[in-house]
Amino acid sequence: MNCGIMSLLSDTAFEDPWSSFFMDVLSPLSFVKVSSVRMQGLLLLIFAKYQHLPFIQILSTKSTPTGLFGYWGNKGGVNIFLKFYGYYVSIINCHLPPHMANNDQRLEHFDRILEMQNFEAQDIPNILDHDLILWFGDMNFRIEDFGLHFVRESINNQCYSDLWEKDQLSIAKRHDPLLREFQEGPLLFPPTYKFDKNSNNYDTSEKKRKPAWTDRILWRLKRQPQAAIHTPTLSAPHFTLFLRSYVSHMLYSISDHKPVTSTFDLELKPLVSAPLITLLPESPCTTESDMLISYSLTADFLSSPWDWIGLYKVGLRHINDYVSYVWVRDNQVSFSDGLNQVYIDISDIPETEDQFLLFYYSNNLHSVVGISTPFKIQPRSFLVEGPLDEAQPQI
């Protein structure tokens, strides 16, 4: 991200350009922006398909500056910690110190970011007990020993094996017990730094920096406790991550780095399989009268006077893109042990052929806990004269 002061002020007042771009691209594919966190030039965004929203709970967002002895956010990490179908997941984006000689400092910042991921809520486990940690960013690790000419010749010949042996992160993973627990896909793509901007040429400036794999994507799955010899082994919850791709994208040239992406398959057995709220819009919905919404809640759901239900068009970009909303207590019609009813005023219901969704937002959990199936709202009918001069409704 551009971390100039004017850019920071602009992005504070308005949606940052990366969020806007991704929302435009992903919303037609049913993805909704769930959460984001920014620290100067670092930005972390999470999108999810809307059907997953009742099973995603954002527990915390955190920024950990490590520049200027922890007082400046030009280096450090940002974290979004969430519960996903009952599993704890931490996602971290980082920017570590640059330059060949600062390898020890990079490892120190890596540890510091990890140590600072503590959470105030007592029921949230330590980050090392999370089921999954995804950790990526400009880690700035370099290639040791080999000279510039050898490194470039190896890249030109696509002979990466010698370079892997001298990659600082790979070396650290062989010796550091904690780093060893983080996995990474094979580096089958050319080093992603440093390029002349708007080109595929490695650095031709006076400094002629040696190419390196600075941009990395790591992950760590929670260790399963070892059972004693005579203790029956408990079946661990099914939660497995498979790497499908780990590639760089040479076509992009707006930066002196080449972007890197990974695609994963996550297989899990849900620990939570039913939403806390089940929403049922009145059927059929029309703009003839107020919309009546029925919903049921599970026994362990703690409602709040600040809970609300939003009406959205299918294709929404963000939770704030509601067409209308109601506070569930203010617009309550009736309630019982099993069913509650609220209404949306007729004047707030648009006349359009679009499909709609209802979301129930929990103030206590700061997340969507219920979502309806898509539905249409029938427009107002009007009367026309029939052949027998009888008034007949026409839709």
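**Reading helices, salt bridges and buried faces**

User: In which helix do arginine 112 and glutamate 108 both lie, and how many residues apart are they?

Analyst: Both arginine 112 and glutamate 108 belong to helix H3 (residues 103-115), with a spacing of four residues, about one turn of the helix. An α-helix has 3.6 residues a turn, so residues three or four places apart point the same way. Helices (H or I, at least four residues) and strands (E, at least two) are DSSP runs numbered from the N terminus. The model is predicted: local features need pLDDT of at least 70 and side-chain atom pairs count only at pLDDT 80 or more, while totals for chains, interfaces and linings use all residues. Residues are numbered from 1 along each chain as its sequence is written, and side-chain values use heavy atoms, with hydrogens and water left out.

User: What do the side chains of arginine 112 and glutamate 108 form?

Analyst: They meet in a salt bridge, at 2.8 Å from N to O. The term denotes a side-chain nitrogen of Lys or Arg within 4 Å of a carboxyl oxygen of Asp or Glu. For exposure, the scale is relative accessible area: buried is under 20%, exposed is over 50%, and partly exposed is in between (1.4 Å probe, protein chains only). Arginine 112, at 23%, is partly exposed, and glutamate 108, at 43%, is partly exposed as well.

User: How many salt bridges does the structure hold, and which parts of the chain does the pair of lysine 166 and aspartate 145 link?

Analyst: The structure holds nine salt bridges. Among them, lysine 166 and aspartate 145 are joined at 3.1 Å, N to O. This pair links distant parts of the chain, 21 residues apart: lysine 166 sits in the loop between helix H5 (161-165) and helix H6 (168-175), and aspartate 145 in the loop between strand E6 (132-138) and helix H4 (148-156). Lysine 166 is partly exposed, at 26%, whereas aspartate 145 is exposed, at 61%.

User: Is arginine 216 buried or exposed, and which residues join it in a network?

Analyst: Arginine 216 is buried, with 1% relative accessibility. Its side chain meets that of glutamate 184 in a salt bridge of 2.7 Å, N to O. The two are 32 residues apart, with arginine 216 in strand E8 (residues 215-221) and glutamate 184 in strand E7 (residues 183-184). Through salt bridges that share partners, Asp167, Glu184 and Arg216 form one network.

User: Which residues of helix H6 are buried, and what covers them?

Analyst: In H6 the buried residues are Gln168, Leu169, Ser170, Ile171, Ala172 and Lys173. Six of the eight residues are thus buried, so H6 is largely enclosed by the rest of the structure. Their cover includes H3, H5, E7 and E8, judged by contact, meaning heavy atoms within 4.5 Å.

User: Which residues of helix H2 are buried, and against what do they pack?

Analyst: In H2 (residues 17-26), Ser19, Ser20 and Met23 are buried. Viewed down the helix axis, the buried residues fall within an arc of 100°, so they line one face of H2; the arc is that of the directions from the axis to the C-beta atoms. They pack against strand E1 (31-39) and strand E2 (42-49). Methionine 39 is in strand E1 and is buried, at 8%. Its C-alpha lies 8.0 Å from that of glycine 77, 38 residues away in sequence.

User: Which residues form a nonpolar patch on the surface?

Analyst: Patches are built from residues with over 30% relative accessible area and no salt bridge, joining like charges within 9 Å and nonpolar side chains (Val, Leu, Ile, Met, Phe, Trp, Tyr) within 5 Å. Here Trp18, Phe21, Phe22, Val25 and Ile254 form a nonpolar one, with about 500 Å² of accessible area together (Shrake-Rupley method, 1.4 Å probe; for residues, only the protein chains shown count as cover). Phenylalanine 21 belongs to helix H2 and is partly exposed, at 46%.

User: Where is lysine 269, in terms of strands, and which residues does it touch?

Analyst: Lysine 269 is in the loop between strand E10 (260-268) and strand E11 (277-281). It is exposed, at 58%. Not counting residues up to four places away in sequence, lysine 269 touches Tyr87 and His238. Its C-alpha is 9.5 Å from that of threonine 240, 29 residues away along the chain.

User: How many helices and strands does the chain have, and what percentage of its residues count as buried?

Analyst: The chain has six helices and 22 strands, and 42% of its 395 residues count as buried. Of the contacts with a separation of 6 or more, 62% are between residues 24 or more positions apart.
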